[in-house]
Amino acid sequence: RVRVLGSTDSARATRVPTVAFTVDGCHASEVPLALDRQRIAVRFGHFYAHRAVEALDLHERGGVVRASLLHYNTHEEVERLIRSLDEFLTSAGR
């Protein structure tokens with residue numbers, strides 16, 4: 001139900017801590033709205049990659065959802081993001 005765009009490899013040499021994804025049957029704007037209620041900041045759009053979003057035919061769906069994590073995020077915050085996204089998918093019947 002969730003499609004990660006780009007590499008899903010976690011190797012530091014090939015991965016940055018920013019994840020762009022789509023949710024099947026969901027407009028990209030729905031995810032940030034739901035996660036904002038949990039005080040989790042993810043955003044949606046084309047993020048200055050208009051041609052890539054266009055090539056992936058994602059404009060009609062609002063582009064992609066982006067979660068950005070850095071050195072100051074804790075493991076607990078990452079788990080909370082995953083748990084909240086899972087709750088959104090479950091509650092939305094996705």
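Biologist: How many residues in the lining of the second largest pocket are nonpolar, polar and charged?

Modeller: The lining of the second largest pocket holds eight nonpolar, two polar and three charged residues. Ala, Val, Leu, Ile, Met, Phe, Trp, Tyr, Cys and Pro count as nonpolar, Asp, Glu, Lys and Arg as charged, and the others, Gly among them, as polar. The model is a predicted one, in which local features need pLDDT of at least 70 and side-chain atom pairs pLDDT 80 or more, while totals for chains, interfaces and linings use all residues. Residues are numbered from 1 along each chain as its sequence is written, and side-chain values use heavy atoms, without hydrogens and water.

Biologist: What volume does the second largest pocket have, and what makes a space a pocket?

Modeller: Its volume is about 250 Å³, the space filled by probe spheres set on grid points joined across faces, edges and corners. On a 1 Å grid over the protein atoms alone, a pocket is an open set with protein on both sides within 12 Å along at least five of seven lines, whereas in a cavity a 1.4 Å probe fits but cannot get out; lining residues have an atom within 4 Å of a point. Thirteen residues line the second largest pocket, and Ile-40, Ala-41, Leu-69, Asn-73 and Glu-77 are the closest to its centre. Strand β4 (64–68) and α3 each give two or more residues to this lining, with α3 supplying the largest share, four residues.

Biologist: Which residues are the closest to the centre of the largest pocket?

Modeller: Of its 19 lining residues, Val-19, Leu-69, Val-78, Leu-81 and Ile-82 are the closest to the centre. At least two lining residues come from each of β1, β2 and α3 (75–91), and α3 gives the largest share, four residues. The lining consists of 12 nonpolar, four polar and three charged residues.

Biologist: What makes the contact of Arg-43 with Asp-36 a salt bridge?

Modeller: The definition asks for a side-chain nitrogen of Lys or Arg within 4 Å of a carboxyl oxygen of Asp or Glu. The closest N and O atoms of Arg-43 and Asp-36 are 3.0 Å apart, and the pair therefore qualifies. One salt bridge is counted by this rule.

Biologist: Why is Arg-43 called partly exposed?

Modeller: Buried means under 20% relative accessible area (1.4 Å probe, protein chains only), exposed over 50%, and partly exposed in between. Arg-43 has 39% relative accessibility, so it is partly exposed; Asp-36, at 35%, is partly exposed too. Thr-22, in strand β2, has 4% and is therefore buried.

Biologist: Why are β1 and β3 edge strands?

Modeller: The open sheet has four strands in the order β1-β2-β4-β3, with antiparallel pairing. Each of β1 (2–5) and β3 (43–45) has a single partner strand, so one side of each lacks a neighbour in the sheet. Helices (H or I, at least four residues) and strands (E, at least two) are DSSP runs, numbered from the N terminus.

Biologist: What makes two strands a pair?

Modeller: DSSP must find at least two bridges between them. β1 and β2 (residues 18–23) have four, with Val-4 opposite Phe-21. β2 and β4 also have four, and Ala-20 faces Arg-66. β3 and β4 have three, and Arg-43 stands opposite Arg-66.
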